[in-house]
Amino acid sequence: MKLIVVGNGMVGQRLLEHFVARAEGGAAEVTVLCEEPRAAYDRVRLTSFFSGKSADDLNVVPAGFFEQPGMNLRLEDAAVAIDRKRKRVRSVRGGELPYDKLVLATGSYPFVPPLPGKDRPGCFVYRTIEDLEAIRAAAAGARVGTVVGGGLLGLEAAKALKDLGLETHVVEFAPRLMTVQLDDVGGRLLRRKIEALGVTVHTSKNTKEIGDGAACRHRMAFLDGSALETDLIVFSAGIRPRDDLARSAGLAVGERGGIAIDNHCRSSDPDIYAVGECALWSGRIYGLVAPGYQMAEVAARHLAGEAAAQFLGADTSTKLKLMGVDVASVGDAQGTTLNALNYVYTDEAEGVYRKLVVSGDRKYLLGAILVGDADRYGELLQMALNPLPLPEHPEDLILPAREGAAGKGLGVDLLPEAALVCSCNSVSKGALCEAVAAGCTSLGALKKHTKASTTCGGCGPLVKQVLDCELRKRGVEVKNHLCEHFAYSRQELFHLVQVGKLASFEAVVAKHGRGRGCDICKPAVASILASCWNEMILKPRHAPLQDTNDRFLANLQKNGTYSIVPRVPAGEITPEKLVVLGKVAAKFGLYTKITGAQRIDLFGARVEQLPLIWKDLVDAGFESGHAYGKALRTVKSCVGSTWCRYGVQDSVAMAIRIENRYRGIRSPHKMKMAVSGCARECAEAQGKDVGIIATERGWNLHVCGNGGMKPRHADLLAQDLDDETLIRFIDRFLLFYIRTGDRLQRTSTWLENLEGGIDYVRKVVCEDTLGIGTELEADMQRLVDSYECEWKKAIGDPEIMKRFRHFVNSDLPDSNVVFVAERGQIRPARESEREEAVVMTT
Amino acid sequence: MSARPKINTSKSIAVCRLQDIVPNTGVCALVAGRQVAVFRLDDDSVHAIENRDPFSRANVLSRGIVGDLKGELVVASPVFKQHFSLVTGRCQEDPAVRVAVFAAWVDGDTVLVRA
């Protein structure tokens, strides 16, 4: 079969994935025409492009997808005409392409009201990465930015302008924001919250024309006689289906646009399908991605010969975060059903609004609106969709939980197997249960396996509830025991050590464990003890617990020698110190290499040489670099505003401050940090556990990034922080991780397994909802104050120095350690070379 | 600690004093040209095995963490973390691999090894 898909947006891509996964699809010859210069990307998260995500980050095409046989992607090649008789599509560059089946996934275009002046330079729409690039370029020379349209996408665009540092206005035709999803009270509360963030909202404004401004580039004149001056305008006043291709091919289209489709997503020509925002089903156009995905699956299955596949409408409930404000709308949020009754709860002090719409007989939930706190979204959605009977007192669903009373939520056990838990990725409760049965017993594994909660994340808490419930039902004890010696997780053990004021492994194992311990629990307990009490790790009672790297304060290499990485805070080093490193390396014959984190690594030190080398280094003012520890490794930095033409803050000074503050603190795993002096991000901070990026007004704090084997882009935790707030937030973040992380769990996996994800971290760190902020800061300050350079301490202690020799009864070195020369330096001898050398020396 | 049978015995030598070994850690001793890892436990008993890690071929077993696994006294190789029994020398992860075991005991405060 020859299949042509016109359009490679999120829905078109999803259709391809469903299609090729089926036998019919795998054998087909597929051509994809895409007018944009890049393959499908996540338009839902377009705004994150401005908070540092790159076009690559937004890409949604699985690796190698278009390299599969039979798959042909033509970028920047738009379809221009369909010849239905001859079954051919004409494209801009490719001439005529024959098809057996054709899918139109052309999406929509932004509606721009027909105003005089709408095409002036500095007027934009908000749809593609190219649009965003143009907006970003224009913002550089602008002071004021205005979004026309106060709907979902308009508010996203407003956030983008705010992020670009513009004075931001939103102009809405209707009397309230988000007309479709909210009611008057909800809209008012949202407006108040958004205005508190510095965005000015103008409602009931009908723009008459756009002309030259006095203080700004443009002047927007409104019908009521008022006006607004602005440098940049973004139109986001709704979408219109892109149906011209279908229209000129004579396919049936709706009165107000949209390619009419049947329940199999077929147009009036049975060989042509339409999916997504260009399609009109039962008189309706869906402007959301989830219904588009459902159409994509139906069309793909139908194309692959599953005649029964049908699209029967989709739920349009939404949950999103607009400028940090949670907003959700479920089902019949406006209460238009006959005899519907409302329950309303408003807390203007906290900025929370919740409304339930229930059936006249009070048996079922029809809809809901949540502003300011949408934690209950998943439960309410399930209640309305399935529908489940309401509890005896429906108001309990929206009233704040009283102290001591557990939330009277929905028991996930009541949900039918077919209930769609994740609507973005069409994951039912049944699919989650199957995955749990197949061995996904952690939240991270379940998300990875089913894709649930990986798009908007709204169903995260519900997914976790299903997981816990299934595990309980299966009698699976949720086991996160450290090892056979401790029936506790690292987090529990941390708590026990802290509360019980336990200061040694012996005390911990006597009270809470059994046996002698092992190489799993000993270093883990040593790390906990260090995080709690910060005693020198080589004290006789701690030394036996340490891995060899911590025991010898250096990094073990394959031949039993060690490498040394002295601390060079932020990677800044004086010429004199650079010379010292060279001299020490030459004196002891060490191999030297620059690391990826702006340090100098000295290799090939035998255990008995370590104290001698460090004596020289300490004398020259060097400190332990902790490359050997589960601790802060390095803070990488760019030169920042001191030297760089583009830098906006002194990234080096901040990196030094941070490195010196957190050096030596022990954590569940190693930690890396970086500070970039501007958005160009030369220090690659978004691949670090803690990444700091300078802005015009301060610092953006990103957390839980990772490079290496499993790269993860860091999440933005907070924006435009001043120096002191930045340090405070890092203090809290680090200690929260140190207290709750599992053994050898980097911040990235910690976050992925944390219920509530980055929003929860933000609540704890930035909003201090647990009320532990001050305590975390005080604990961190204690650790900072009790810092000592481990090498300085070690070489001053003869008892410790005694341990730095290869033989307890001889001063000979290990004869097995043999080096040969390569490129002017040493390297460990290979087995054959070593035998030769050993024979020669004996 | 009593001497074990079946061990290739040649001569015993005093390698160090007991207090030269931090409890629950090991040291490496040179005994008749062989590298021997000698461990002191918290009950002041001592155990000796070959110092060479058969997996990495580095002489480092004395620097491993000592503990018990499945009821057996073990040391974990600091390189790739395999566990070797301090009593039989057998590797728990790969029973086909063994390191040599030597007799070791304490006389007064002197640690003796026969290799």
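Visitor: Which residue is the bridge partner of A:H218 in β15(A)?

Guide: Good place to begin! This is a predicted model, and in it A:H218 has A:T230 of β15(A) as its bridge partner. Stepping back to whole strands, β14 (residues 218-222) of chain A pairs with β15(A) in the antiparallel sense, over 4 bridges.

Visitor: What is the strand order of the sheet in chain A?

Guide: The order is β13-β14-β15, an open sheet of 3 strands with antiparallel pairing. Each of β13 (207-212) and β15 (227-230) of chain A has a single partner strand, so these two stand at the edges and one side of each lacks a neighbour in the sheet. From one strand to the next, the twist averages 20°.

Visitor: Now for helices: at what angle do the axes of α13 and α15 of chain A cross?

Guide: Roughly 45°, with the axes of α13 (residues 490-500) and α15 (residues 521-533) of chain A coming within 10 Å. Angles from 65 to 115 degrees would count as roughly perpendicular and those under 35 as roughly parallel; α13(A) and α15(A) are therefore oblique to each other. The crossing is right-handed. On the α13(A) side, the contact includes A:L493, A:F494 and A:V497, while α15(A) brings A:A524, A:I528, A:L529 and A:C532. Sorted by class, this helix contact holds 7 nonpolar, 1 polar and 1 charged residues.

Visitor: And between chains, how many residues does the contact take from chain A and from chain B?

Guide: Chain A gives 24 residues and chain B gives 25. On the side of chain A that touches chain B, you will find 8 nonpolar, 9 polar and 7 charged residues.

Note on methods. Residues numbered from 1 in each chain as written. Chains lettered and ligands numbered in written order. Predicted model: local features only at pLDDT ≥ 70, side-chain atom pairs only at ≥ 80, totals over all residues. Pairing = 2+ DSSP bridges. Axes fitted to C-alpha atoms, helices over the stretch in contact; angles between N-to-C directions. Contact = placed C-beta atoms within 7 Å. Nonpolar A, V, L, I, M, F, W, Y, C, P; charged D, E, K, R; others polar. Parallel < 35°, antiparallel > 145°, perpendicular 65-115°, else oblique. Left-handed = near helix turned anticlockwise from the far one by under 90°.
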